[in-house]
Amino acid sequence: FEECGYTCSVGVAHNKTLAKLASPVNKPNGLTVLPFGNTSGVLQALPVKKLRFLGGKLGDRLEAAGLMTCEDVRRVERGALEKVVGARELDFVWDIVRGVDRAPVTPKMGTKSMLAAKNFGIVRALDGLLNLVATLTAELAQRLAADEASEKRRPKTLVLTFRSNPAGGAGGWKNHSRRVPFPAEALGARRSAADRRPALEKAVLRLLRDEERRLLPCIFLGVTATNFERQA
């Protein structure tokens with residue numbers, strides 16, 4: 001915060017449902033700890049629709065039965081609650097209103113894909129795209145180097161996307177894409193962004209030449225790294 005000015009509110013609790021409930025308490029820049037022993041009191045007057053997975057039709061069924069808060073649901077016997085939510089959801093609802101969430105906390109993978117792209121005025125010759133390709137591949141190479149160092153993963157697929165109108169006409173602009181295996185020379189934990197860029201640029205230029213018949217004239221170009229795979 002002192003360096004960048006970003007704020008963050010954090011919730012710490014027995015499970016992710018309770019942590020999510022605790023996280024906004026001390027917004028915009030605070031830490032809230034919810035001991036499990038305090039859960040019953042915190043949930044007592046909480047509307048059922050504030051809980052994870054109870055904001056939709058399942059929550060509607062509870063409210064239609066007059067069960068507006070967690071405490072309302074906790075007072076209902078299991079047999080009566082089953083008639084409201086059904087046998088399939090009974091255990092989940094029974095637990096969640098008591099602060100019990102058995103779902104595991106799983107780490108999230110980084111972004112599923114990385115895109116470097118740009119819209120521009122009409123380009124009618126391949127040579128007019130060369131500087132842009134250099135810029136886009138340099139940007140993508142830099143992001144990939146940082147991602148591989150932090151996330152220990154590599155993309156398996158390179159995607160070229162472009163918007164062109166080879167047939168001419170006002171309504172003929174269409175999006176096209178081409179997918180190929182990601183060039184191995186642009187990967188590797190020991191490779192810097194500068195080391196990766198030439199191989200990545202070479203692969204993109206090869207795709208552009210292969211697609212030249214439907215590439216021009218062109219008004220958009222994008223280069224995407226996707227289909228990431230964790231490294232051992």
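This is a predicted model: local features need pLDDT of at least 70, side-chain atom pairs count only at pLDDT 80 or more; totals for chains, interfaces and linings use all residues.
## Helix 5 and helix 6

Two packed helices are described by the angle between their axes and the distance between the axes. For helix 5 (residues 78-85) and helix 6 (residues 87-96), the axes come within 8 Å and cross at roughly 120°. The two helices are therefore oblique to each other, and their crossing is right-handed.

On the helix 5 side, the residues in contact are R78, L81, E82 and V85; they meet A87, E89, L90, D91, V93 and W94 of helix 6. Sorted by class, this contact holds 6 nonpolar and 4 charged residues, with no polar ones.

## Helix 7 and helix 8

The crossing of helix 7 with helix 8 is right-handed.

From helix 7, the residues L130, V133, A134, T137, A138, L140, A141, Q142, L144, A145 and E148 take part in the contact. Their partners in helix 8 are A193, R196, R197, L200, E201, V204, L205 and L208. By class, the contact of helix 7 with helix 8 comprises 13 nonpolar, 2 polar and 4 charged residues.

## Charges over rings and aromatic pairing

R78 and W94, both listed in the contact of helix 5 with helix 6, also have a charge-over-ring arrangement: the charged end of R78 sits over the ring of W94, 5.0 Å from its centre. Another such arrangement involves R153 and F228, where the charged end of R153 sits over the ring, 4.0 Å from its centre.

The bond from K27 to P28 is cis, with omega near 5°, and P28 lies in the loop between helix 1 (16-22) and strand 2 (31-33). L216 and P217 are likewise joined by a cis peptide bond, with omega about -5°. P217 belongs to the loop between helix 9 (212-215) and strand 6 (218-230).

A further feature concerns F53, which has a positive phi of about 70° although this residue is not a glycine. F53 is placed in the loop between helix 2 (39-43) and helix 3 (57-64).

How values were computed. Residues are numbered from 1 along each chain as its sequence is written. Side-chain values use heavy atoms; hydrogens and water are left out. Axes are lines fitted to C-alpha atoms, for helices over the stretch in contact, and angles run from 0 to 180 degrees between N-to-C directions. Helices (H or I, at least four residues) and strands (E, at least two) are DSSP runs, numbered from the N terminus. Angles under 35 degrees count as roughly parallel, over 145 as roughly antiparallel, 65 to 115 as roughly perpendicular and the rest as oblique. A crossing is left-handed if the near helix is turned anticlockwise from the far one by less than a right angle, and right-handed if clockwise. Contact means heavy atoms within 4.5 Å. Ala, Val, Leu, Ile, Met, Phe, Trp, Tyr, Cys and Pro count as nonpolar, Asp, Glu, Lys and Arg as charged, and the others, Gly among them, as polar. A charge sits over a ring if NZ of Lys or CZ of Arg is within 6 Å of the ring centre and within 35 degrees of the ring normal.
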